[in-house]
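Thanks for coming. Please have the sequence and the structure open.

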Amino acid sequence: MKILLTGSSGRVGTAVATLLAADHEITGLDLGPGPFTTVHGDVADTALINTLCQQQDAVIHTAALHAPHVGHASDDDFRRINVHGTQNLLDACRRHAVPRFVFTSSTSVYGHALAPGKQAVWVDETLTPQPRDIYDETKRAAENACRSAVADGLRCTVLRMSRSFPEPERLMALYRLYRGVDLRDVAQAHALALGSNTPGFRCYVISAPTPFQPSDCVQLLHDAAAVVSRYFPWSPAAFARRGWLLPQAIDRVYAIDHAVAELGYRPRFGFETLFDAVADRGGSR
Ligand SMILES: NC(=O)c1ccc[n+]([C@@H]2O[C@H](COP(=O)([O-])OP(=O)(O)OC[C@H]3O[C@@H](n4cnc5c(N)ncnc54)[C@H](O)[C@@H]3O)[C@@H](O)[C@H]2O)c1
């Protein structure tokens, strides 16, 4: 396929391009340089986007101002890049009959809905987003633009990915249980969305595989260590060996069941993969 990939110099864009480059012809668009970026420019530049969308089979749109830019970039810049930029791409897809659009959204759109009450929040696609800052608001507005664009015959997939920033090791391991994801799994989700022939609008939570169930949510908020130890009996010793504490409370769980069932998403880099199979998990060589 011929693909326009926005944000091709960014962390997600680079991971997506690394996975897709061998099999697809990628035009990488970004403001800054990167190994997969072939065009330097702005997603909010209508003329440029119009030109770039000619004769593409798909657009993968990862470019955005995001969480680290909150408080640094203006609200107008957030709207211009995240909302107008997305609309620009959708309009160009309609004009040039580009049939597929994959939008990198964020679990951050859930915003206030992530605050736990008496139990951890089970976060799936049925939970209503309640944006709490300009990032959430503009990602949500861009999702809605994607939803509207399917009326023009576009096949739109929104991927609400969870956190994939570099973290201290303990946090990274813990986040893989409930609110984080490896960039290689994020890239896999983009590839699956690209290849999906399901018409219309689709939205999926994309995160690492969680061991937890909705029935764990009360105990997760009050005694998360007990729940983690129950699923991974080797984890107290593995944490102690590193001088780490198991968590007391887990406030949310990102559930990927919908992406697993519909997209065929099979994340490979979960909690266990961050520990040694022999020393920590008692496996054999
Ligand atoms: N990294 C995460 O943990 C995370 C979590 C959830 C969602 N996301 C989403 O993933 C996407 C990519 O995030 P990332 O971590 O790769 O961020 P990043 O900052 O590493 O990459 C974003 C890229 O977009 C480019 N860009 C920004 N404005 C642009 C514009 N106007 N025109 C063209 N290019 C522009 C930047 O130069 C950058 O290279 C974003 O849409 C973000 O909302 C990321």
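Predicted model: local features only at pLDDT ≥ 70, side-chain atom pairs only at ≥ 80, totals over all residues.

Before the first residue, a word on naming: helices and strands here are DSSP runs, numbered from the N terminus, where a helix has at least four residues and a strand at least two.

Now the ligand. Where does the ligand sit? The ligand is in the largest pocket. There are 25 residues around the ligand, and the ones that come nearest are Val12, Asp30, Tyr135, Lys139 and Ser164.

Which elements supply at least two residues each to the shell around the ligand? They are helix H1, residues 11-20, strand E5, residues 100-106, and helix H4, residues 134-149. Strand E5 gives the largest share of that shell, with three residues. If you sort the shell by class, you get eleven polar residues, nine nonpolar ones and five charged ones.

From Gly10, a polar backbone atom is 3.2 Å from a ligand oxygen. From His66, a polar side-chain atom is 2.9 Å from an oxygen of the ligand. From Ser164, a backbone N or O atom lies 2.7 Å from a ligand oxygen. As for cover, the ligand on its own has 820 Å² of accessible area, and the protein covers 90% of this.

Is Ser9 buried, exposed or partly exposed? Its relative accessible area is 23%, so Ser9 counts as partly exposed, given that buried means under 20% and exposed means over 50%. For a sense of distance, take Ser9 and Ala120: they are 111 residues apart along the chain, and their C-alpha atoms are separated by 35 Å.

Two loop residues come next, and the topic is phi. Most residues other than glycine have a negative phi. Gln55 is not a glycine, yet its phi is positive, near 60 degrees. Gln55 is in the loop between helix H2, residues 46-52, and strand E4, residues 58-61. With a relative accessible area of 63%, Gln55 is exposed. Ala97 is also not a glycine and has a positive phi, about 55 degrees. You will find Ala97 in the loop between helix H3, residues 75-95, and strand E5. Why does Ala97 count as exposed? Because its relative accessibility is 61%, and the cut-off for exposed is over 50%.

Asn82 is buried, at a relative accessible area of 2%. What does the side chain of Asn82 reach at 2.9 Å? The side chain of Asn82 reaches the backbone oxygen of Leu65. Arg79 counts as partly exposed, because its relative accessibility is 38%.

Ala189 is in helix H6, residues 183-195. Ala189 is buried, with a relative accessible area of 0%. Ala189 and Ser164 are 25 residues apart along the chain, and 14 Å separates their C-alpha atoms. Leu263 belongs to helix H10, residues 257-263. Leu263 counts as buried because its relative accessible area is 9%, and the cut-off for buried is under 20%. How many Å separate the C-alpha atoms of Leu263 and Thr198? The separation is 9.4 Å, for two residues that are 65 residues apart along the chain.

That is the end of my part.

Key
Residues numbered from 1 in each chain as written. Heavy atoms only, no water. Near = heavy atom within 4 Å. Polar contact = N/O pair within 3.5 Å; in protein donor to acceptor, adjacent residues only side chain to side chain. Areas by Shrake-Rupley, 256 points an atom, 1.4 Å probe, with all protein chains shown as cover. 1 Å grid on protein atoms, 1.4 Å probe; cavity = no way out; pocket = protein on both sides within 12 Å on 5 of 7 lines; lining within 4 Å. Sits in = over half its atoms within 2 Å of the grid points. Nonpolar A, V, L, I, M, F, W, Y, C, P; charged D, E, K, R; others polar. Buried < 20%, exposed > 50% of the residue type's maximum accessible area, 1.4 Å probe, protein only.
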